[in-house]
Every structure is written in structure tokens, then in C-alpha cells.
Amino acid sequence: MRELTGLYALWLREFIVFRRERSRIASALFMPLLWIFIFGTGLGSKVSIAGMDYRTFIFPGILSMAILFTSLFFGVYIVWDRKIDFLKEVMVAPLSRTTIFMGKVIGGITDSLLESAIILVFGLFIGISYTPYSLTVAYLFIILLAIGMVSMGLIIGSLMESPEGFGMVVSFVAFPMFFLSGALFHVDDLPAWLAFLVFLDPVTYAVDGLRGTLLGVSRFSLALDLALLALFSSSMVIIGTQIFNRMKV
Amino acid sequence: MIIEIEGLTKVYENKIRAVDDVSLDIEEGEVFGLLGPNGAGKTTLIHILATLIKPTAGTARVNGYDIMREQDMVRRSIGIVFQDPSSDDLLTGYENLKLHALMFNVPQAEREGRIRRLLELVGLSKRATDRVRYYSGGMRRRLELARGLLHSPRVLFLDEPTLGLDPQSREHVWGYIEELVKGGGLSIIITTHYMEEAERLCDRIAIIDQGKIAVLDTPRSLKEAIGGEVVRLKIKDPNLEDLDLNYIKKADRRGDYLYLTVEEASKHLQEILKRVGEVESVELRTPTLNDVFLHYTGKEMREGTPEGGYVERIIQARERR
């Protein structure tokens, strides 16, 4: 019970701050909407993949991209917490380091989940239709991807001293993961070297799973996508908890 | 004993011995001062006791709990006000306190009442719903003092509680601490490099220098131990040979000044002046803790060294965010 109350407190703090910084969500939505409406519409006027126009095809990929970036960059707040010394206040609380890590993770995925909901609404405008089933499965993928990426961001953040350094490192991680994920192309019939990198990228399985459930096109089975993504996310949570246990203030 | 420290040592990765074999007992209800210059190891010692840093060697018990094996119980027993501001400035004062109450599991029935009482104690009731960003340095310190008390700790650590505050805010903070002491039961450990602060608040003082306790006693005994009054002479060429007299306990030359510790100084001053040579100015005073510090460490302790004052830190943090 103690730990649950603590978890609630940590989440509540993130949520209050998130509510006060509304510009955060606006800026987070800006890029995905550019991709869908400008890039998607522009290229989509000539290109179609798997029997659907390009804009529709990349929608699950852009949704994944939004989650990937928002979640990973959320890790910067642990750098800030250390900088403004709020981390000390949290670290002297009688809470386990696992709770402290999970509080931050839940705070981070809240941002991603809200953002995803808004992007899904925009999906209606480009002709994507949802069923309760497809939305449920989609949210399963969204949550798993968000947990994995928030954890990864927090891991990087807990090792970094400055927000600038964090930004550099995360860009180096985030962009390759986005481009390799098949968000913008079909992952069939790729040259072997590229296919290898693509299949190594955990985001690939989120994109494939979301494309499967929302559009009915996928390279792998939903079960395999789900299993691999869950494996990635749980590993990140375990590593993150370990690192928080050893983290210095 | 509310705190028992045995052979506590912390060696950082850069080989600096921040805390060097410190042993110390602090009694329940005591206000204990750790006095020393910046970098003496005071903050490291407090962070070890608060379970934020692991010691390299030695042990300590806080409120009977081992700082290594019973960290959760230690954390529940203590409140701490850090040297640097550590509240979230995007939240209001009330929200900062509420989060603290939740994290420390203050029973729900008591939560709001305690928050209200403490806000009143530190005079922030009217500003409770303002964001901490708009607080002055002194207000923020007071908020963090209230926060440290919110879960009714047995021990309160105050790390440089008035560093960087203006004289009026400092007076406020001292007032609150004195109020707390009157209530009884709470033990307070204060680190400071302000002599005045240590003298006014503390029952006992340990002078810390380079990670070691140089001396530990009540402020009064510390001053008495010097064994006389201090005569400060501004003099170019003191004639020290003729000064070898029974009533001079100690002579120290620092720059243009000669410091003499003299028994019954007013009686002997005339004779000293006669023998020492041409003097530019003379000052006679009862010993201060500064003299005590000089006496035990051979170093001068300067006040208000700008290590990054509290208020400057707030401004920096604000600009960065």
C-alpha cells in the first residue's frame, strides 16, 4: 500500500507538470501531423503500397514514431530532476527504487497515450476505420512500445549529466530506430543487410503489429509482434530498475 | 542516543577523503552543529546519514536503525532540508507538500491538517497555491523546512539552512528552528559555516576540517578552552622575542596582524604594547567561534564564501528550465 501511494504521488507530479506545459503536447503532435498530411499526401498522390495509398500505409508507422520520440525524450526529465535536485527529495523517500522507476515510467507513458489518442482521431480524417477489437489490440502495442521507450529514455537519462548531452545521445538512437522500423516502407524483399538491421529494431514489431491490427497488412503474426515487443519492453524495465537501484544522486 | 556514528569514512572516486573516520554520538532532543568551511565534508556526512550516499567504511545508526541494512526505517525517521533548493518549481507550495505527504505515507486523515498547520508555521498559508517558481529564496527555504517536518521525523537534518538568505529571512528561519526545539523530542543536526548560527542554535558543536572532527564541545566550553581573550594587533615588525611571557597562551601571525591569546588581557595589555613594538591598531575581544576554529585547525574561517548560494541556484535552475 505504501509503495502504491508513492507510485501515485510520482505519477501525480508528472501529470500536474504535463497539464501545466500544454505546449509539450502541441509540439509533440506537430511532426507526426506533418508526416501524415504533407509527406503522406504528397507522396501518396503517386505511390501506393500493398494496395493502399501511401498516406494510409504510413499511418501506423507515424503513430509509432510519435510514441518513440515522445517516450524516449521523456527521459530528459530525469536529467532535470537531478539538476533541480528534486531527485534528492524523491531518493530520501521511504520507497523502493523500483517504485521510483515505475512512477517515472507511468508518468511518461501517460504523455504517450494521450498523444496516441489524438493521432488516432486524426486517422479518421484519412479514412482509417476502427473497431473495438482493433483499437484494443492497437493500444496493447502502443502501451508496450511506450513502456519500452520511456524505460530506455530513463536509462539513458540516468547516465547523463546534462540535458544537451541527453538530446545528442537520444537523437543518435531515435532516428535510426525510426527509419529502420519500416514506418515508411514495406519490410518485404529488402536487401539482406537492411533486413537484418530492420529485424533488430524493436520498433519494427510495433509498426508491424499496428499495421496488422489497423490496416490488416503485416509481415509477421500479431502474436509474434506482441511477444517480441513485450520481450524488449520487459528487458528495458528490468535494466532500468537495476540502474535506478545503483543511481547516484 | 538518536544517532550513533562509528568510524564513518567516505573516499570518493577522485581519492578525496570527504569523511575521514568520524565517530560521534548525538543525543535525543539535541541541536547539534557541524561547523566547518566549504568542502570540509559536512554535507557528505549528512548525506550518508540520510542514506543518499554509501559510506566506504564504518557504520551508523539513526533512531536505532542501521543506515545500510534498514534504509527504509532510517528514511522514515528523518527529515532533511538540502543545501540546494529541491522542490519542484512548476508545482505550487501546497502541491509540493502533498506529494511529500503521499511519498512518506502520512495517514490520509491527518494529511490536510498537517499541511495546513505547517504552512501556517512557516508563514506561507497565503502563498500556498502559488507556484514555487514565484517564491523568493527565503520562502522556498521555509517551504522546504515545512516539507522536512511533514512526516513528523525524529531527526531533522538542516544543511546550511540560511546559506545565501538575506538577514531578515535568516532571522525567520532561526526563529522557526527555535520554535521547533521548544516543542521538544526532535533532534536537529545543522551544518553551517556561519559562526553566529552555530552559536545561537546549537547545544554542541563539532568543528570539522578535512573530513575529521577537530574538536567537539558546547559553544561555551569551546570558547573557554582557548584560555583567555584575543588581542589582535596590526603591526609590521612585531618584536616576538620579548613577548615570551607566562600570560600569553598563543601567538599567531597572519598577514599584517598578530593574534595573541592572553589571560586577563585587560590587565596585561599595557605591558604587551610596551614590548611588542610600534602598533598601528589594537583590538581586544572575547574569543569567538572563529577564534576557536583558528585555534584548532590553524586556519581562518571566512563567512559567506560564494559556493553557489541558495538564491543563485534558484535563478540558475529557473533559467535552465
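I'll start with the residues. In chain A, Thr56(A), Pro60(A), Gly61(A), Leu63(A), Ser64(A) and Leu68(A) of α3(A) meet Val203(A), Ala206(A), Val207(A), Leu210(A), Arg211(A), Leu214(A) and Leu215(A) of α10(A); contact means C-beta atoms, placed from the backbone, within 7 Å. By class, that contact has 9 nonpolar, 3 polar and 1 charged residues (nonpolar: Ala, Val, Leu, Ile, Met, Phe, Trp, Tyr, Cys and Pro; charged: Asp, Glu, Lys and Arg; polar: the others, Gly among them).

This is a predicted model, where local features need pLDDT of at least 70 and side-chain atom pairs count only at 80 or more, while totals for chains, interfaces and linings use all residues. Residues are numbered from 1 along each chain as its sequence is written, with chains lettered from A and ligands numbered from 1 in the order in which they are written.

Now the geometry. The axes of α3(A), residues 54-74, and α10(A), residues 202-215, come within 9 Å and cross at roughly 135 degrees. Helices here are DSSP runs of H or I, at least four residues, numbered from the N terminus. Axes are lines fitted to C-alpha atoms over the stretch in contact, and angles run from 0 to 180 degrees between N-to-C directions. The two helices are therefore oblique to each other (under 35 degrees is roughly parallel, over 145 roughly antiparallel, 65 to 115 roughly perpendicular, the rest oblique).

On to chain B. Helix α3(B), residues 93-103, packs with α5(B), residues 137-149, at about 25 degrees, axes 9 Å apart. That makes α3(B) roughly parallel to α5(B). Gly93(B), Asn96(B), Leu97(B) and His100(B) meet Leu143(B), Ala146(B) and Arg147(B).

How values were computed
Two residues are in contact if their C-beta atoms, placed from the backbone, lie within 7 Å.
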